[in-house]
Amino acid sequence: MSDQTLPPKSGASALDPAKDSSVTTVHLALGGNLGDRRANLSAAIDRLGALLRIDRLSAVYETAPMYVTDQPAFLNMALSGTTDLAPRELLRAVKRIEEELGRNLDGLRFGPRPIDIDILFQGALVMASPDLEIPHPRIAERAFVLCPLADIAADLRHPALGRTIAELLAVAPGRDSVVRVADALEPHPPSPSTI
């Protein structure tokens with residue numbers, strides 16, 4: 001099985017898009033290449049579970065760095081869930097999680113980091129501002145995002161490009177270099193030595 005569908009969790013599980021129009025489905029990409037990469041992904045999943053009801057987790061993939069190549073390989077995955085947070089509220093919360101897990105938000109762009117969390121989609125929203133673009137503007141060029149996202153949302157249609165995730169993945173550069181290394185991870189907090 002290439003992904004994991006999670007049972008409802010207490011707290012965020014009360015979110016129901018059918019009953020509340022402010023609740024939207026979100027798709028996030030997670031990655032990191034410093035410290036205990038798997039533990040950092042699991043810790044991020046755990047913290048994200050306090051913000052949204054996580055419905056599906058992809059498998060974990062190892063990928064070479066794309067933009068700044070002189071750094072360790074990344075582990076990448078994707079998840080989907082529902083939240084009632086507005087896009088900028090979700091962005092602030094995601095950045096807070098990254099900092100809690102040891103990321104220097106002022107570090108080298110595309111450089112090494114223990115964790116990176118990107119908002120890929122929030123419902124069918126299309127927005128562009130200096131601090132946030134949804135859908136994420138570089139999805140189509142990133143096989144390391146598309147491979148895990150295809151595990152959980154292959155038929156999801158990009159609201160601006162009009163193509164499904166599977167269609168985008170089929171033509172994405174570097175898709176053959178994204179290697180599946182693990183099934184979906186379970187959330188758990190990292191020990192201080194792994195951050």
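The expected span of a helix is 1.5 Å times one less than its number of residues, and helices (H or I, at least four residues) and strands (E, at least two) are DSSP runs numbered from the N terminus. The structure is a predicted model, in which local features need pLDDT of at least 70 and side-chain atom pairs count only at pLDDT 80 or more, while totals for chains, interfaces and linings use all residues. Residues are numbered from 1 along each chain as its sequence is written, and side-chain values use heavy atoms, with hydrogens and water left out.

**Exercise 1. Compare the reach of helix 2 with its expected span, and work out how its buried residues are arranged.**

Step 1. Helix 2 has 14 residues and reaches 20 Å from its first C-alpha to its last, close to the 20 Å expected at 1.5 Å a residue.

Step 2. Taking buried as under 20% relative accessible area (exposed is over 50%, partly exposed in between; 1.4 Å probe, protein chains only), the buried residues of helix 2 are Pro87, Leu90, Leu91, Ala93, Val94, Ile97 and Glu98. Because they cover an arc of only 165° around the axis, these residues are on the same side of helix 2, where the arc is that of the directions from the helix axis to the C-beta atoms.

Step 3. With contact meaning heavy atoms within 4.5 Å, the buried residues of helix 2 pack against strand 2, helix 1, strand 6, strand 7 (127-128) and strand 8 (133-134). Just after helix 2, glycine 102 takes a positive phi of about 100°.

**Exercise 2. Describe the largest nonpolar core and the place of leucine 30 in the contacts.**

Step 1. A nonpolar core is a set of buried Ala, Val, Leu, Ile, Met, Phe, Trp, Tyr and Cys residues joined through side-chain atoms within 4.5 Å. The largest one holds 31 residues, of which Leu28, Leu30, Leu48, Leu79 and Ile117 touch the most other members.

Step 2. At least two residues of this core come from each of strand 2 (24-32), helix 1 (37-48), strand 3 (53-58), strand 5 (74-83), helix 2 (87-100) and strand 6 (116-122).

Step 3. Apart from this core lies another, of 21 residues, among them Phe121, Ile139, Phe144 and Val178.

**Exercise 3. Is aspartate 116 buried or exposed, and what does it touch?**

Step 1. Aspartate 116 belongs to strand 6, and it counts as buried because its relative accessibility is 16%.

Step 2. Its side chain makes a polar contact with the side chain of arginine 113 (3.3 Å); such a contact is a pair of N or O atoms within 3.5 Å, where, within protein, one must be able to donate a hydrogen and the other to accept it, and residues adjacent in sequence count only if both atoms are side-chain atoms.

Step 3. Setting aside neighbours within four places in sequence, aspartate 116 is in contact with Ala29, Leu30, Gly31, Glu98 and Arg103.
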